[in-house]
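Please examine the sequence and the structure shown below.

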Amino acid sequence: MSDLKSASMSNATFVRPAQFYLSGLSNVPHDKYFYVFLCFVYIMTVLGNGLLLSVIYLVKTLHTPRYMIVFNLALTDLCGSTALIPKLLDTFLFDRRYIVYEACLSYMFFVWLFAYVQSWTLVIMAYDRFIAICFPLRYHSIVTKPAIAAMLLFVWVFLLSVVACTVGFLDRLSFCGSVVILSFYCDHGPVYRLACNDAYLNYIMAVVGASLSVVIPLVVIALTYSCIGIALSRIASREEHLKALKTCTSHLILVAFFYLPLLGTNIAATTYIHPNARIINSTLSHIIPPLLNPIIYSLKTEEVLTSVRKLYKISRLSSMTSSKKVTSL
């Protein structure tokens, strides 16, 4: 084929395409409106998470272990959406569906990395709630800034290594047939299934990825909330019971929005899943949680809202003072 190039590695020849073709939604009328909707979601995601990052950074009282986790979630939400949506819009709104082989692997790496980190940040949030409710007297000695920083650093380094291996193993594959990726971005499953040589190692990495991004985090969160449920059952005060439940509800909503679409996609990934179903599930799991996180989990909390009002008053006072100075001159 004229659009294929060969590369020799370890005395073997791997045939790689110069470009892949992203199919996107198939046989869906007015699909442009879907991508316009994604554009709107991206703008709101940037505004919401950007505001949250700014508030946490500027307000000293929010420099706590809990808000270190929230800051990390907002950062990965912002980076994950930026890694995915602008390229997606460029591909489908402007009909630039061909993507260079190397760019496709880079695209996949960043989308997967931020999705993995989002997942494990939710696990760390569940751990924070677990300590706060089950060991309230020891909370400040257990959940410290160094401890949370170490957990977040480990998550980033470990998951970066896993995603790098997952994407790197695609270089062992030969693509001598179709170059059409049945997805709206360079997703791992649809890419490695295009290979014409043995892709068993890539299948194993897909299973490892599904376990690390969905199964293990869900099991850990379920165990955490089981312990929280047992602890709450021992609380006699109804008010304390409701207060503890309120702190957990928003996190559980985010868990549901993030994991249910991913769980559905990964369960079906070992067999056949319709490309449109994969796209809708991927959209829900990659696009909606970053939009909702700053609203549900953070901006509804009294600490953040108070900090936003305080920053607004300070900025308003400073602008009034500067305008008075200009008038006096």
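Helix H8 supplies eight residues to the lining of the largest pocket, the largest share of any element. This is a predicted model, in which local features need pLDDT of at least 70 and side-chain atom pairs count only at pLDDT 80 or more, while totals for chains, interfaces and linings use all residues. Residues are numbered from 1 along each chain as its sequence is written, and side-chain values use heavy atoms, with hydrogens and water left out.

**The largest pocket**

- The space in the largest pocket amounts to about 910 Å³.
- Two or more lining residues come from each of helix H2 (65–93), helix H3 (101–134), helix H4 (139–142), helix H8 (238–268), helix H9 (275–298) and helix H10 (302–328).
- Helices (H or I, at least four residues) and strands (E, at least two) are DSSP runs, numbered from the N terminus.
- Sorted by class, the lining of the largest pocket holds twelve nonpolar, six polar and eight charged residues.
- In this sorting, Ala, Val, Leu, Ile, Met, Phe, Trp, Tyr, Cys and Pro count as nonpolar, Asp, Glu, Lys and Arg as charged, and the others, Gly among them, as polar.
- A pocket is found on a 1 Å grid over the protein atoms alone, as an open set of points where a 1.4 Å probe fits, with protein on both sides within 12 Å along at least five of seven lines; lining residues have an atom within 4 Å of a point.
- Grid points are joined across faces, edges and corners, and the volume is the space filled by probe spheres set on the points.

**Salt bridges**

- The count is five salt bridges, where a salt bridge is a side-chain nitrogen of Lys or Arg within 4 Å of a carboxyl oxygen of Asp or Glu.
- Lys87, Asp90 and Arg96 are linked in a network of salt bridges.
- Asp90 is partly exposed because its relative accessibility is 22%, and Lys87 is partly exposed at 27%.
- Arg96 likewise counts as partly exposed, with a relative accessible area of 47%.
- Another salt bridge joins Asp95 and Arg97, with the closest N and O atoms 3.3 Å apart.
- Asp95 is exposed, because its relative accessible area is 53%, whereas Arg97 is buried at 15% relative accessibility.

**The backbone at Asp95**

- Asp95 is located in the loop between H2 and strand E4 (98–100).
- Although Asp95 is not a glycine, it has a positive phi of about 55°.

**A nonpolar surface patch**

- Tyr200, Leu201, Tyr203, Ile204, Val207 and Val208 make a nonpolar surface patch of about 470 Å².
- Patches are made of residues with over 30% relative accessible area and no salt bridge: like charges are joined within 9 Å, and nonpolar side chains (Val, Leu, Ile, Met, Phe, Trp, Tyr) within 5 Å.
- Accessible areas come from the Shrake-Rupley method with a 1.4 Å probe; for residues, only the protein chains shown count as cover.
- Val207, one of the patch residues, lies in helix H7 (residues 200–233) and is partly exposed, with a relative accessible area of 36%.

**Residues apart in sequence**

- Ser106 belongs to helix H3 and is partly exposed at 39% relative accessible area.
- Ser106 and Cys186 are 80 residues apart in sequence, and their C-alpha atoms are 8.9 Å apart in space.
- Tyr259, in helix H8, is buried, because its relative accessible area is 1%.
- Between Tyr259 and Ser213, 46 residues apart in sequence, the C-alpha to C-alpha distance is 8.8 Å.
- Ile296, in helix H9, is buried, with a relative accessible area of 17%.
- The C-alpha atoms of Ile296 and His251 are 8.1 Å apart, and the two residues are 45 residues apart along the chain.

Definitions and conventions:
Buried < 20%, exposed > 50% of the residue type's maximum accessible area, 1.4 Å probe, protein only.
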